[in-house]
Every structure is written in C-alpha cells, then in structure tokens.
Amino acid sequence: MSFIDWIVLIGTLGFIVLYGIYRSRGKQNMEDYLIANQSLPWYHVCFSVMATQASAITFLSAPGQGFSDGMRFVQFYFGLPLAMVVLSITFIPIFHRLKVFTAYEFLEKRFDTRVRMFTVALFLLSRGLSTGLSIYAPSIILATILGWDIMWTNIFMGSIVLIYTVSGGTKAISHTHVQQMLIVTIAMFVAGYMVVHLLPANVGFVDALKIAGKAGRLNTIDFHFDPNSRYNIWSGLIGGFFLQLSYFGTDQSQVGRYLTGESIGQSRFGLMMNGLLKIPMQFLILLVGVLVFVYYQYNPAPLFFNKVETDKLKTSVYAEEYRQLEGKHLQLTKERQQTVNALAKAIDGDDEGELTVQKGKLQTNENTAKEIRTATVALIKKNNPAADTSDVNYVFLRFVLDRLPIGLIGLLIAVIFSASMGSIAAAYSSLASTSIVDIYKRLYRKDASEAHYLMASRVATIGWGIFCVAMAQYASKLGSMIEAVNILGSLFYGVILGIFLVAFYFKNLGGKATFWGAVLAEIGVVLCWWFDFMAFLWLNVVGCILVIFFAWLWQFFVEKTIAKN
C-alpha cells in the first residue's frame with residue numbers, strides 16, 4: 001500500500017476508536033458497562049445489531065463467495081425478516097420486562113440452574129470459537145500486505161479491539177458501530193462503482209450483469225427442495241429462520257445489542273429495520289463479488305489469489321512446475337477473453353444459437369481453469385503443508401490491492417478492519433457479561449460491590465480476548481470463513497433455540513426434562529454434522545425440534561418410569 005493509503009487506514013480506524021472512547025467517557029457502573037443503561041435509540045440498536053453480524057468475514061469472504069458461486073448465498077438470509085417479527089413479538093418484551101443483563105438469566109427463573117449453565121456453556125463455546133474466526137479474517141489482510149507471521153497478526157488484531165471494549169464497554173461499542181456501518185455502506189457502493197468503471201469502455205453495468213447471468217453467477221433463487229443443498233429458498237426460509245431466530249434471540253452478542261434500547265418500542269423498531277436492511281446489504285456485497293468475476297473475464301486473473309503462497313512457490317523447488325501452470329493459465333485467459341467478447345456480441349444480437357455455443361466454451365474454459373488451480377493447490381501444499389489454500393477469502397482483497405486507485409485501497413481495507421472490530425468488540429462484551437452475570441456473580445460472588453463487578457467484567461473481557469486470539473491460530477484450516485462461521489453456529493444455535501422455545505411455549509415441561517433433552521439433542525446435531533446427513537442450515541431445525549422431542553419424551557416416559565420403580 002502507498003503512504004496515502006496508510007494515512008487513510010490509520011486515520012479511519014483511529015477516529016473510530018477515539019470516538020468510541022470519547023462518547024463513553026464518565027463514571028460507569030455494571031449496568032452502564034454491560035447494557036448502556038438501556039438508554040440508546042432505535043437507530044443505535046439497528047446499526048449495532050448489523051455491525052455485530054457484519055464482521056470482516058462478510059467483506060472478505062462474501063465477495064469471494066459471489067465470485068466463485070454467484071448470488072445463491074443471499075438465500076441464507078431469507079428467513080431473517082420472519083425471525084425479526086417473532087423476536088419483536090415474543091423475546092424483546094420478556095427480556096425487557098425481566099430487566100435481565102443476559103438472555104440466560106431468564107432460563108433459571110423458568111427452569112433451574114442446570115439448564116441455565118448448560119445453555120451458557122453452549123453459548124460461550126460457540127461464540128468464543130466463532131470470534132476466533134472473526135479475528136483471523138482481518139489478520140489475512142495484514143499478513144498479505146506486510147508479509148507478517150499470521151500468529152503475531154492475530155495477536156495484534158485481537159488486542160487492538162480490547163482498547164475501547166475494556167475502557168468503554170457497551171456504550172463505546174454501540175457508538176463505534178454507528179460510524180462503522182456508515183463507512184461500510186459508502187465504501188461498498190464505491191467499490192461496486194469502481195469495478196464497473198474498470199471494465200472495458202463498451203461494457204456497462206447492465207452488460208456485466210448479462211455476462212454474469214450467462215456464466216451462472218446470477219442464480220439467486222433455487223426453488224428445488226434438496227436437504228443436501230446448502231443454499232436454496234427452502235433452506236434459507238426454514239433453516240435460515242431457525243438459525244437467525246436463535247442467533248438474534250439467544251446469542252448474548254446480539255441480545256446485548258437490543259437490550260440497550262431505551263424502550264421495548266425502540267428495541268423492536270431497531271430489530272425490524274435490521275431485518276429490512278440486511279438482505280439488500282448482503283445482496284450488494286455478493287454483487288460486488290460477481291462484478292469482480294466479470295472483470296476477470298476481460299482481464300488476467302491471478303492463478304491463485306493468495307499472493308503470499310504463490311511468492312513462496314516462485315522461490316521453491318517447485319518454481320518450474322508453477323511457471324508451467326502459469327503459462328497454461330495465461331493461455332486460458334486469452335481464450336476466455338475471446339469467448340466473452342463473442343458471448344457479449346451474441347447477447348447484443350439476441351443470437352440463441354451462438355449464445356449456446358459460447359456458453360459451452362466458457363464453461364469448458366472454467367472447468368479447465370479449475371483443474372489448473374487444483375494442481376496449483378497441490379503444489380502449494382507440497383511446498384507448505386500449513387498453507388491456507390481457501391482461495392475464496394483472498395479474491396476481493398487481491399482485487400483491491402492490485403486494481404483500485406491510491407486512497408480507495410486504504411478506505412476499503414479500513415472498512416474490513418472496522419467491520420471486524422465491531423463484531424469482535426460485541427463478542428468480547430457478550431462473553432464477558434455472560435461469564436460475570438451467569439457464572440461469577442451467580443455461583444461465586446453474589447453480593448460484591450458494583451465496583452468489584454465492573455472490574456471483574458473488564459478482567460473477563462481481557463481473558464476472553466486472549467482465548468479468542470488463541471482460537472484464531474487454527475482458523476486457516478476451515479476453508480471459506482463465511483461458511484465456516486455459519487456452520488459453527490449451526491452446531492449449537494438450534495439446540496439453544498429449542499431450550500428457549502420450551503421455556504416460552506411448553507409450560508408443562510420441567511427443568512430436568514429440558515436439560516436432558518438439550519444434551520441428547522446436541523449429541524444428535526453433532527452426529528448429523530459428523531456423518532454429513534444434511535446441509536448445515538438444516539442442523540438448526542433438527543437441533544430445535546430434537547430438544548422439544550427429547551424433553552417431552554423424558555418428561556412423560558422416562559420420569560414416569562423412574563417414579564414407578
């Protein structure tokens with residue numbers, strides 16, 4: 001990056017951190033530190049909820065997802081608006097009325113300590129692991145740009161967020177989230193415009209969409225029902241609904257965002273606006289990736305987008321083999337450019353016969369390119385067994401660094417960093433609040449002073465920061481980050497949601513039945529994932545239903561059998 005890009009990057013991030021600390025200055029107590037004294041308006045709730053979900057993974061991996069797989073991933077969010085309606089009607093009024101710090105306090109009131117602690121354990125495990133992924137995603141940037149060791153990069157990225165999270169708490173996080181989402185929205189529109197601007201002069205936005213469509217990248221909605229398909233309208237509406245309902249309704253990183261609302265109405269309106277805005281935002285981010293795909297149809301694309309690993313290959317014993325693969329790739333690029341130009345003419349002339357011919361050639365070219373990339377990945381693995389070979393996470397980053405003008409590079413890198421900071425900060429806060437309220441205060445120090453709990457919350461925040469940084473060291477082995485983080489959530493969220501649904505709607509089921517129902521359901525979900533019985537979104541449905549089923553079975557059969565004996 002240029003000196004100007006570094007100025008833009010450091011200036012943007014510095015402003016966000018200092019602004020968050022400035023807005024949260026003054027005397028604090030535990031309520032202010034954890035839920036901002038329930039004093040924030042709806043737009044703070046909305047942007048804070050969005051920023052918590054929109055991590056760096058969203059802006060690194062999602063464009064790469066659009067580049068490699070098209071728009072199908074947007075179906076993942078189709079269940080979100082429905083989930084927001086259910087949450088606004090049920091969860092929000094209950095949480096506000098009980099005046100809880102965390103969602104899990106309610107479970108002890110409804111069941112017992114055992115159910116509360118089991119749910120807390122599931123949340124802490126899932127959120128701690130997924131936060132490691134959120135730290136790793138922006139670390140890719142620094143490692144790629146500066147050639148830093150990924151371990152020290154993870155430590156740097158995870159530590160910098162602690163500055164305003166530890167000092168300012170939830171109020172600092174919320175204020176920084178508003179700034180982050182404004183910067184993110186502007187920057188992604190600019191990125192989309194620049195991709196189209198860099199296309200050949202005779203190719204406009206509509207032309208680019210037509211080419212993307214013929215190449216199979218605008219396959220937005222799939223109505224075919226297939227439980228093994230990761231992305232179709234049914235998995236999005238049903239599986240996505242259960243995942244989003246559990247994530248926003250029972251994950252403290254999100255519950256903590258809308259508990260800051262100054263009233264039930266403000267929290268509701270903030271969540272509903274999130275449901276309306278999230279799908280268009282995700283659509284835009286995926287579309288940027290699709291436009292990058294079109295750009296590389298007219299321009300040479302890197303054989304492998306992770307430049308760190310290809311640079312290592314060029315100086316290794318496999319350099320000659322890699323050079324040969326690059327030669328084949330360059331020849332394919334020339335053939336693809338000719339095919340795309342012919343395809344564009346066929347589209348303009350509405351020549352169906354020629355369209356079919358050129359689409360076939362383009363598909364053949366892409367299949368051959370995949371074979372060459374597979375051979376390249378094999379070489380990278382030989383040269384460095386620990387290498388990150390998931391190309392999806394590097395597509396957008398490489399395009400930004402190679403093709404965008406000075407200044408804009410720094411802004412887009414700042415966007416990815418600020419998004420990461422927002423989600424990591426919210427995760428740190430939720431992990432700390434759950435640890436202190438649900439474990440430390442409940443089990444160890446029930447009657448300590450406010451100052452003691454405030455200090456304990458800050459210590460817990462630092463402790464979870466260290467844990468999440470440690471988890472980030474293993475994230476490179478998980479492939480596409482945006483898929484990995486949602487697969488990880490799907491292993492736990494369905495069971496957690498099932499526990500809450502039993503609490504809300506099945507008044508005849510007790511704590512013991514719910515506890516064992518949840519344990520058995522979690523085992524069932526892990527087995528379904530381990531043996532790959534279905535696409536990961538359906539795990540949320542299965543987990544939720546199994547909790548209810550096993551709890552009912554335990555209550556009316558096991559306990560009665562035990563009582564008789």
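Is D532 buried or exposed? At a relative accessibility of 59%, D532 counts as exposed, where exposed means over 50% relative accessible area, buried under 20% and partly exposed in between, for a 1.4 Å probe and protein chains only.

## Basis of the description

The structure is a predicted model, in which local features need pLDDT of at least 70 and side-chain atom pairs count only at pLDDT 80 or more, while totals for chains, interfaces and linings use all residues. Residues are numbered from 1 along each chain as its sequence is written, and side-chain values use heavy atoms, with hydrogens and water left out.

## Two aspartates with positive phi

Most residues other than glycine have a negative phi, and most peptide bonds are trans. D532 has a positive phi of about 55 degrees although it is not a glycine, and it lies in the loop between helix 23 (511–530) and helix 24 (538–564); helices here are DSSP runs of H or I with at least four residues, numbered from the N terminus.

For D350, phi is likewise positive, near 55 degrees, in a residue other than glycine. D350 is placed in the loop between helix 16 and helix 17 and is exposed, with a relative accessible area of 59%.

## Helix 12 against helix 22

Two packed helices are described by the angle between their axes and the distance between the axes. The axes of helix 12 (residues 233–250) and helix 22 (residues 493–505) come within 9 Å and cross at roughly 70 degrees; axes are lines fitted to C-alpha atoms, for helices over the stretch in contact, and angles run from 0 to 180 degrees between N-to-C directions. Helix 12 and helix 22 are therefore roughly perpendicular to each other, given that angles of 65 to 115 degrees count as roughly perpendicular, those under 35 as roughly parallel, those over 145 as roughly antiparallel and the rest as oblique.

The contact, defined by heavy atoms within 4.5 Å, is made by F242, L243, L245, S246, Y247 and T250 of helix 12 and by Y493, G494, I496, L497 and F500 of helix 22. By class, this contact has eight nonpolar, three polar and no charged residues, where Ala, Val, Leu, Ile, Met, Phe, Trp, Tyr, Cys and Pro count as nonpolar, Asp, Glu, Lys and Arg as charged, and the others, Gly among them, as polar.

Helix 22 also holds G498, which at 0% relative accessibility counts as buried. Not counting residues up to four places away in sequence, G498 touches C544, V547 and I548.

The axes of helix 15 and helix 17 (residues 352–383) come within 10 Å and cross at roughly 75 degrees, which makes helix 15 roughly perpendicular to helix 17. E309, K312 and L313 of helix 15 and T376, L379, I380 and N383 of helix 17 make the contact, and these residues divide into three nonpolar, two polar and two charged.

P302 lies in the loop between helix 14 (264–298) and helix 15 and is buried, with a relative accessible area of 15%. Leaving aside neighbours within four places in sequence, P302 is in contact with Y296, H329 and R398. S316 is found in the loop between helix 15 (307–314) and helix 16 (319–349) and is buried as well, with a relative accessible area of 16%. The side chain of S316 reaches the backbone nitrogen of Y318 at 3.1 Å.

Note on methods:
Polar contact = N/O pair within 3.5 Å; in protein donor to acceptor, adjacent residues only side chain to side chain.
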